[in-house]
Amino acid sequence: MQQDDLLVKIEKAALVGRGGAAFPVHLKWQRMKDLENPKKYVVCNASEGEIGVQKDFYILQNFSEEVFKGMLLAMDFLETKEGYLYINKDYYQKLQSKIDPLLELFKQKGYLINIFVEEPSYIGGETGSLLNAIEGKKTQPRFESPSPSVLGIFGCPVLLHNVETFYDVARVATDKFEKTRFSTILGVQKEGVYRVNSDDKIAEVLRKTKNYPDFDFFVQVGGGASGEIFTKSQAEEASISGCGSIEIYKSEITSYQFLNKIFNFYEKESCGKCTPCRDGSWQLKKLLENLDLNSEMPWSKIKPIIKVMEKNSFCGLGKSIALPVRSYAKNILGIEI
Ligand code: SF4
């Protein structure tokens, strides 16, 4: 296929990155192509460190050839022969027998896709952290400027997508692309990864996958613990677009149980580089330490910490805590924080 034809197809399909930012893929590719650097890399992010989210694992397990085809198409487009598969250690252990022979085959055809295995963590999948890790540096975020993709690894630009995006590129190239995406559905009897229509409402997805609960519930939609909270009735109207997971919670879950889960996640995953996130997440966890299941939550203390983390954290992890906590307080408890 002519490279320009592929770009037109990707644009017509309105393909956006599946890593969360939803940036148009054709713009990213064109921008990378326009850079005059003699060497460029293509990197696939198979880190997936969000709690319970398994969609990239599912795609690699079932459609690894398509994922690598998407990578090879990107390599041809950028006229480069080298790339990386940056993969969660648990995933690699389970999929090595599938992945290694494919990469060997590509090597014989002149494409070198290096494997970089990392310990599973949320921050390991953040762009700057991932690029630092490949370079052998500490797995921590970078400054946003210059763009981590322009000064990607070893002084060269990097075209970075996650597993699902490369899979979609291959589908577009072979005219099999549909407006669907993968989502991990949690908190139900049939937990698992499902292919869902991108434009469907949350409740619609639950019904179509036969996961609509027969109990009162609320849902968290997005990237695991950082997702937004919706009530059962809001789930009828809110779209799932951009989501990697849908988690169902029984309505009787207490505020302590919910916040404890969220605060533990942030405290565990904070990389410690910046004070707002490092100290904020630690303080939030501490606030719950001497409380029990049915305690009133100390919202007047939680609120300022969340605000500082949202405004002053260095990367998206610390900033993102505001979404689950505020939407839970507002939609489930009816309080503004
Ligand atoms: S926000 Fe958290 S994860 Fe991000 S750099 Fe700061 S401490 Fe690290």
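Is aspartate 175 buried or exposed, and how many other C-beta atoms lie within 10 Å? Before I answer, please keep in mind that what we are looking at is a predicted model. Aspartate 175 sits in the loop between α6 (163-173) and β5 (180-186), and it is exposed, since 8 other C-beta atoms lie within 10 Å and 12 or fewer count as exposed. Its backbone deserves a look as well, for aspartate 175 has a positive phi of about 60° although it is not a glycine.

Let me turn now to a pair of helices. The axes of α3 (residues 55-78) and α4 (residues 89-108) come within 10 Å and cross at roughly 25°, and because angles under 35 degrees count as roughly parallel, that is how we describe α3 and α4. Their crossing is right-handed. Where they meet, α3 brings residues including Phe57, Leu60 and Phe68, while α4 brings, among others, Tyr91, Leu95 and Phe106. The residues of this contact divide into 9 nonpolar, 2 polar and 2 charged.

Finally, the ligand has 14 residues around it, of which Cys271, Cys274, Cys277, Cys315 and Gly318 come nearest. Two helices, α10 (275-289) and α12 (316-319), each supply at least two residues of this shell, and by class the shell holds 8 nonpolar, 4 polar and 2 charged residues.

Notes:
Residues numbered from 1 in each chain as written. Predicted model: local features only at pLDDT ≥ 70, side-chain atom pairs only at ≥ 80, totals over all residues. Near = placed C-beta within 6 Å. Helix = DSSP H or I, 4+ residues; strand = E, 2+ residues; numbered from the N terminus. Nonpolar A, V, L, I, M, F, W, Y, C, P; charged D, E, K, R; others polar. Axes fitted to C-alpha atoms, helices over the stretch in contact; angles between N-to-C directions. Parallel < 35°, antiparallel > 145°, perpendicular 65-115°, else oblique. Left-handed = near helix turned anticlockwise from the far one by under 90°. Contact = placed C-beta atoms within 7 Å. Buried ≥ 20, exposed ≤ 12 C-beta atoms within 10 Å, placed from the backbone.
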